[in-house]
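Hi,

Here is the model I promised you. Could you have a look before we talk? My notes follow below.

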Amino acid sequence: MHLTAPGKVLPFSWRVGNLPRKTMMIMRLTAALLFLTCMQVSANSFSQEISISRIKAPLESVFHDIEKQSSYQFFYKVSLVPQFGDVTVNLHKVSLQDALDEILKDYPGLSYLIIDKTIVIRPKEDNDAIYALPEVVSAVIDITGVVRDKTTGEPLAGVSIKVRGSSRGTMTQEGGVFSLKGIDENAELEVSYIGYEAQIVKVAGRKEINISLQMNNNTLEETIVTGYQAFTNRTAPGVIAKLKPQDLTQVGAVSLDQMLDGKIAGMVVTGNVGNPGAPPKIRIRGTSSITGDQEPIWVIDGVIWEEAVPVRNRDLATLDEVSLLTMIGSAVAGLNPKDIESINILKDAAATAIYGVRAANGVIVVTTKRGHEGAPRINYSSDFKTSLKPTYADFQLMNSLERVQLSQDIINSGLNYPIRPGRIGFDGAYMDLRDKNITQEEFDEKIAYYAGLNTDWFDILFRNSFSQNHNLSISGGAGKTTYYFSASMYDEKGNARESNLKRYTASSRLNMQVRNNLSFDIKVGANIRENKGYHSTINPFNYATTTSRALPAYNPDGSLAYYDKKNSVELNNPGPLEFNILNEIAETGNESKTREMNAQLAVRWSFLKHFQYEGTAFYATSSTNVDEWATERSYHIAYNYRGYKLGLFDNSHPNVDNFAKIPIGGILKPYRTNNDNYTFRNALTFNKNVSKKGNLNAMLGTEIRSVRQKGLTQMLPGYFPERGGMFTIPTTTAYKNAVSSRDPLLAEPKVENTISNFVSVYAALIYNHDNKYIFNANGRFDGSNNFGKDPKYRYLPTFSTAFKWIASEENFLSRLTENNTIDFMALNASFGLQGNIKSNAYPTLVTKVNNIDRFGNTVATVVSLGNPGLRWEQTYSYNLGLEFGLFNRFNFRADYYRKNGIDLLINKLVSQVEGRETILLNAGDMYNQGIELTLSGYVVRNRYFTWRSSFVGANNKNKITKAYVGEADLNSQLNGSAVTVGEALGTIYAFQFAGLDNQGVPLYYTNNKNQEIARSMDPLDRKTITVGSLNPKLNGGWDNNFRYKDFTLVVSLTYNLGSYKRLPPFYGATSPTLPYPEQNFSSEYLKRWRQPGDEAHTNIPVLMDQATSLTFITSGGYDNPILIADLYNNSDLRVVKTNYMRVRAINLQYHLPAKLTRRVGASSATIYGSAQNLWYITSDRDKMNGIDPEVIGERIAMPLPKIFNFGVNISF
Amino acid sequence: MNRLILIFCAVTIFLSSCTKFLEETSPSIVIPTKVTHYSELLYGQGYPTQTTGYNRFSELITDDVQWNHLPNPNPLYGPMREYTRKEGWNVFLFQDDPELDNNNGTDYFWGETYKAIAVCNVVIDGLTNVDDTDERLRKHTKGQAHALRAMHYLSLMNMYGMPYVPGTDSEWGVPIKTSPVAEDRLYKRNTVHEVYALIKADIDSALNLIDSEKKMKLYEMNWYAAMIMATRINLYMKNYDEVIRLGEAYLLKKSELPVSTATLTNGTFMGFTASWSGVTTNPEVVFNFGMSPSTYNSVYSASAGYDAFIPSQSLRQVFAKSLKAGESDQRMTNTTGNTASWFFAVASSQYAPRKIYLNNVMKNTLRTGEVLLNLAEAYAEKGNIAKAVTHLNYLRSSRIRNYIGFVPADFNQASLIEFTREERRRELCFEEHRLADLKRWGMPPLEHQVQDYTGKYRAQLQQGDYGYIFQIPLKERQLNFEIKPIPRPQRVIEPI
C-alpha cells in the first residue's frame, strides 16, 4: 500500500513547516503508524529475503516490490518524490537492510529508518532522530469567503462547503458568505451546489477565499452504470436513462417499481392499483413479445435479481399467480428504496445486449449506496403517510332508496330470476307479505327501514389508513475502506381494513481498497416482509361496489346482520347459508411472510498495467410462507365444503355424511416456496491508449447463474386456528368421495421443484477516439438447460453495435462550445440483435412427474409435446439519437427507435387433431417504433429562485406485420389479445351499437346482409370494429422542481394519451340476470329505457330477465346467437378513451437553516410534506362512472387513493 | 503473466463443465429417456378418461333412452334442470349442430380423445428407439399404446364416422394423426377404410407386443383387454373368422363369469360401488377405465325429482321378451323381484341406468361377456347356430335365475341374428355400444319424444339417416375448414 503518490494527498499532511507543535505531531504520527501496523495484520507476510532485479526502474516501483516481498511499508513525504529517479538494482535473497542500503546508495540525499514495520524514507539532514519531524505539522487558520456565480457574479446562498476528508463543513449564508474556523491551512474545500459544477479549492494558507462556481450541465458527467460497465453520460454509447432517488417523487411508495411511472421516456408503468406491495407491469419501448417474457429484468449492483413469483408475462398470468404476486411482490420488493444511489434504465440494444436473451424487454439497473471517505455520517429519515379511503361519491351507484325502487320495478314488471332469490331485504319483505307472513303495516315499516338504510360499505370495509417508514443509515470510511449500513422499517396499512404490509430491511456494504490495484466490495442484505391481506374469495372493493346499500351490516341491536346467500339448488346444498362480510373477513385470512438474504462479493484487481479482472459472486436465498385459511364459521367453508350453516345438523344427521366434505373445522392452505440462486461472474478488461488519441477498452466475461425453486402447496381440511391450529381430518363419505374424485377444492399437496441454469459468455469492445468518435460492439452467448439435451437449441448469440459522434468536440463547433451556447452535442446510432425466450417453451417432448394415483401407479403428464420447429424469438433493434446541451442550462435528448420482432412465438389455435388446442409457432412479426423525448433544464436560475423542469414523452406504435395464425377468435378480439396483421397488439374490438329499439332492446350492426341491424348476431357472421389499443400512443411525465431559498417544491405530472379500455361489465353474468336482492346496481339504470320513445335519449336497455333476453335474441332467428349481455358489455358504448393527465405528486420540502440544526447537533435537516394522486383530468369522465382511468381495465379496479405524506430527514 | 494463464486455465476448465451444468433438468420436469418415463406418461394421459364426460350423449341418440316428464316435480327444484334440457334435448331430438346450444359450447370428447391419441403417438414413437435395457417392458408399453390408439380411433369413428362396410369405402371417416410432433396443417377426414386399416394395424401390433404373461392389472391396458378390443374391431369390420379365432383363444385363457346367485348384490355386478375396488369382485372384468363425472347425473338424473332421461321402455321390454316362464333376469329385476337390479336403479320413482349412475368410479369396463356376444354374433352370421347358442346359453345362465335356456333348434339363422342383437342390447346397454351397433346394423328409423310444461314434441330419424352421426364440433370446423361437415338435415320438431 502506497501512502503517497505524486498528486495524491496524504490523509494528513507531512511537510516542512515552522510551527513547533511537537506534541500534536507525535500523536499524529503514532496514530498513523499504529494504523499502518493494524492494517498490516491483514496483509500477507512474505519472506523477509528480498530479491529484486530491475533496470532503470522508478524508485517508487522498487519500493513497491519490497512492500510486496516483505511485510514492511514505505513512508515518505511528498516533497521527496521529485528526488526519486530511476534505479538499477540486482539483489538476490538479501536481507531487508542490505537491500535498502544497496538501493539508496545512489541517493546521497536520502536515508532510511525502520520503525516497527514501517520504513521511513527521509532526507539525510534529518538524520538526527525520528522526533525531528516537526515539518509534519501545518498551521490551523480561520477562513472566510464569498461564493458567487461565475457568469452573473451574483452571490450564492446555500452552497455546501466541506473540508475534504473530514466531517467539517458549512453552508453559505445570505450574500454568499461563509466562514470556517480552525482548519488546516493546507486543507482543500469541496464546494458544491445544485446546478453548478462542484469545485475543489485549495486553501493554501489564504484566509480569505473567493470562489466562483460555474453552472453546470449537470447530467453530462454523471456516471452511467450498466451493471457490467460504467461510462459517463457523455460517452455512453447506448441509450441509458438515469434516475436519482430525488427524482422519485412518489415518496410514499413502498417499492421501487411503483415509483417509476412517468419518469423515463419510453417506459410505461401500469397496474399500480394501490394495493400495498402489488407489482406493476413495466414496459420499456413497447411490448416486444406476444406470448414470451415481457417484463424487464432487474439488476442490482451488477447481478440479476430473480422474481419471487416467476411470472414473466403478466398478461398471461393466472388469477392464482396474480394473487401470489400481490402478496409477495416483484423482484425488488425487498429492496429499501432509501438504499438506492441511482437507477439506470437500459433501453436500446447497445445497452442491453450484454445481458443477453433476457434483456430484450429492457434492463433496470440499480446501484445501491456505498460509504464515502470521512467521518461517520448518520442519516435518519421517517415518513408518515395517510391514504384516503374511497367513498360513494367516487362511483355511480344506487343508494338504498333507488335500489328499493328498482326491486319494486322488477316485481311490478313480472320479471323472473333463474334461481329463486333469498328472502333478503326488501325482496324478502315482499315475499313475506305475499306469503302473508307479515301484515301490510309491517311491510310498510320494513320498506321505510330498507329505503332509509344507506349502508356505507366503503366506510365499513375501508379506512383512511396510516403508514410509516423509518430509515437509518450510517456511512463513512477510514482511508480507503468505506462502509455503509442501513436499517429500515416500513409499515403500511392498506385502505382496505385488513390489508397490511410490514417490511424490515437491513443492509451493509464494505468497500476496501486493499492495495492500489486490488479492491473488494462486500455486501450483505436481509429483509423480512409480512403481508396481510384477504382470503382469495374476498375482494372488499368488489363487495362494496356490488352490494346493495339497502342491506344492513348490523342489526338494529348491534349484532351482525346475516343474509342467506345463494342457497343454490345447483349445488344440492341441504340448508341455508348465512353470509355477512364482516364475519367472513374475521373468519378467513391470508398472510404471507417472506425472508430474504443475499450476499455479494466483488473483487477488482488491476494487473499488467492494462488489465483488470473483476470477479463477482452473489448468492441469494428467500423463503416465502403464504397461509390462506378459513374457519368453520366462514361462509366459504359453509358454501364450498359443508353445504349448510354451522350447527344446522347434528353430526349424526345423514346430511352431514352425505354432503359435508368438511363437517367440522375449516381449511388451511399453506404455500411454501424456497428460492435459491447464485451468480458467478468473471470479467477481464483490457484498457489501453492504443494511439495518441485512441483508447481501446475490451472486456471478456463469463457468467453462470443458477436458480432453484422449491414450492409446496397444500390444502389441509379440518383446521381450527382458534384451538392452537389443531386439525380434525374429516371422515365423511362426502369427503372420501371428493378426495377419490380429486375434487379441486381439496387438491392434493404438491411440490414444485425446478432448476434453471444459465451459462453465458460475453464480450464488449469500446473504442474511443479523442472523445469524439466512440465505437462500441457487444456480444453474448447464452445457454440454458431449459431446452433439453439437444445443443442446437441451447445457445443463441446476441450482439449489438453502436457509434457515437460527439460533435461538440469538433473544431468547427468550437466557437459555439467555447461561449457555452452549445456545451454538448452528440449523435448516436445503434443496431442490435437479441433473442427472447418464453420460459416454458420446449422444442422436445417434456413431461412432468405427477402424483401417484389412487391405484399406486406412477403418473406423468405432458408439459409439452414435441415441437421441433421452435426457434428463439429475435428482435432487431435500431436506435438513432441526438442529444445536446444548451447554454449550460438545458439538456435535450431525442431518440428514434424501431424494434423489429421476428419469429415471435404465438399460440396458434390449431385443429384439435393435433392433440392440443394450440401450437406455439414462430409465426409472428411485430414492430415497435417511436420517438422518445427528454427535455430538462433550468427555466429560471438565480440567486434565490430556481425552477428546474424536466419533461419526458414517448410515443409508441406497435404493429403486427405477420401473424400466421388465422383469424383471431372472438374472445381474444374482445380482451385485447388478438393477433391480427395490421393491428397493434392489445387492440380491442367491440360490437357496434346501433341504439335501442322501441322495446328498449339494444341493436347492433351485423354482417348479415338481410339484417344489417339486429338484436343479436351469429358468431360466424359477427361484426366487430376495432376501437383502439390498450396501450397508450403517447405517455410520459412532467416534473417541475422549484426552489426558493430553503424551500423546494416538486410538482410531478404524468400523462397518458391514446389508449382505450373497456368499462367494467354492465351485466355481470353472460345473460342479463336481474340484480339479486343483495346486489347493488349502477345508477346508470335510473336512466334506463322505460317506455317507447325513451330510446331517443337513452342507451341503457330495458330491464330484462334471462328468459326475456333469450326471447329477444332468438326472435332474430339465429342458431347460436351471441347473448345480449356479451354484446352490450363488449359494445363500443362500453369502451372509453383513457386520456388523462394526473398530478402524481406535489412535494414541498424545507431545508432547515444551519443555525437551527446545529443547535440539535445535526448537520442538516429537511422536513417535507407531500400529496399524491390529488387530481386528474380525463377526456371521457362521463362514461367512466367515477372509475379512475388509470386502473379501469385492471382486475381489481380500485381507484388510486389520495395520499398525504409528512416526513423528516436528518443528517448528523 | 503466469497468473493470467492460470485464470484462463480456470475459465477453460469451468467452461468445459458447462455441458453438464446445462444438461441437468429440474427434478419435476423430465425429458423422457427411459421406458418408465413413457409408461408413466401413457398411464397419465394416454387412456380414455372422459374427464369432461361428453360421450354420455352417444346414448341419447339411441333407442335405449327416453325422456321422462314428471307431472309433479319436486317443488324445491322447479320443473327441470335448465341445462339438462339444453344439453340433452338437441342431441336427443337429432338437431343439426347439437353442441352449439350446449352451455359449454364445445364438444370436449373430440379434443380430449385426440389429446390421448397424441400421447399414444409420442409413446409409440419414443419407444421405437429408446435406449433402455428393459426390452420386455419396452415392447409391452408400446403394445399398450397401440391398443389404446386403436380404442381411441374406434370411439371417434363411433361418434363421428360412418360404419365400416366391407368393399365399400366411405368418405365419412375421421382425420388420422400418427406423427408425434406438431404439424401446423389442416386435416381432412380420412376415409372409413383408412381409419379402420389403422385401427386394425394398431390392434394387431398390440397383440404382438403386449406381454400376455404379465400379471393383469385392471386399470391398465393388458392382453385380455386388447383381445376383447380385437374381437370387437373385427366384428365391426365383419371379419367373423377372425372374431372366432381371437374369441375362442380368449376363452381358453379366461372364461369365468359371475354365478347367478346373490353373491353379487344390486349394483355390484359391474363393480360399480362407490369405490373402485368393487370392480375386483367381478371375475369377468379385465379392464376398468374412463371416469364417470358427476355431470353424468345431470342428464340421467334420477335422484332429485327432475325431468330426466331414463332407460327407455323399449329397452326394458326387450329384457322381459326373452325370458321363459319362471326365469328372472337379474340385470332387470333383482333377486327379490324388485325393479331395482344389477343394471337399473329406481330413485324418486324414475329408472336410472346404474352403469352410469354412480359418481366417482371409472365407468367403463371391458369384460368377458362381450367376447361371448361377439362370438355369438360371428357364429350366427357364419350360420353356426349351435356354437352361437352355446355361447349365449353360457352368458345368460350367469345372468338369469332359474335359467332354462335355448337349444339350437329354437332358431333359424335370421332369428338367431335377431336374438344375438337383442342380447347384445340387453347385456351391453349404457356402455356406449348401442350407437355403434345401430349404425353397423343399418341405421334403422328412430323416433324420440319430449315433453315439458308447454307440451309434447317429437323428432324422427329415417333409415340410414345422417342424424346418426355426430357433427364434428364447430370449434374444430372453424379452425380446420378442410373438415367436411356431415350433412345432417335441419330436423323438424313437431308438436304432438
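**Chain A overall**

In chain A, 69% of the contacts (heavy atoms within 4.5 Å) with a separation of 6 or more are between residues 24 or more positions apart. Before I go on: this is a predicted model, so local features need pLDDT of at least 70 and side-chain atom pairs count only at pLDDT 80 or more, while totals for chains, interfaces and linings use all residues. Residues are numbered from 1 along each chain as its sequence is written, chains are lettered from A and ligands numbered from 1 in the order in which they are written, and side-chain values use heavy atoms, with hydrogens and water left out.

Chain A has 1212 residues, 55% of them buried (under 20% relative accessible area; exposed is over 50% and partly exposed in between, with a 1.4 Å probe and protein chains only). The chain has 20 helices and 57 strands (DSSP runs numbered from the N terminus: H or I of at least four residues for helices, E of at least two for strands). Its accessible surface (Shrake-Rupley, 1.4 Å probe; for residues, only the protein chains shown count as cover) is about 50500 Å², with 56% belonging to carbon and sulfur atoms.

**A helix pair and a strand residue in chain A**

Take α7(A) (residues 425-434) and α8(A) (residues 440-451): their axes come within 10 Å and cross at roughly 175° (axes are lines fitted to C-alpha atoms, for helices over the stretch in contact, and angles run from 0 to 180 degrees between N-to-C directions). That makes α7(A) and α8(A) roughly antiparallel (over 145 degrees; under 35 is roughly parallel, 65 to 115 roughly perpendicular, the rest oblique). From α7(A) come Gly425(A), Phe426(A), Ala429(A), Tyr430(A), Asp432(A) and Leu433(A), and they meet Gln440(A), Phe443(A), Lys446(A), Ile447(A) and Tyr450(A) of α8(A). By class that is 7 nonpolar, 2 polar and 2 charged residues (Ala, Val, Leu, Ile, Met, Phe, Trp, Tyr, Cys and Pro are nonpolar, Asp, Glu, Lys and Arg charged, the others, Gly among them, polar).

Then there's Phe1047(A), which sits in strand β52 (residues 1047-1057). Phe1047(A) has 39% relative accessibility, so it counts as partly exposed. Setting aside neighbours within four places in sequence, it touches Phe1042(A), Gln1149(A) and Tyr1150(A). Glu722(A), 325 residues away along the chain, has its C-alpha atom 54 Å from that of Phe1047(A).

**Chain B**

Chain B has 496 residues, of which 60% are buried, and its secondary structure is 16 helices and 12 strands. Of its contacts between residues at least 6 apart in sequence, 75% link residues at least 24 apart.

On the α8(B) side the contact uses Ile228(B), Thr231(B), Arg232(B) and Leu235(B); α12(B) brings Thr368(B), Glu370(B), Val371(B), Asn374(B), Glu377(B) and Ala378(B).

Last one: is Asp64(B) buried or exposed? It's buried, because its relative accessibility is 0%. Asp64(B) lies in the loop between α3 (35-45) and β2 (65-68). Beyond four places in sequence, its contacts are Ile310(B), Pro311(B), Ser312(B), Leu315(B), Arg425(B), Cys429(B), Phe430(B) and Arg434(B).

Cheers
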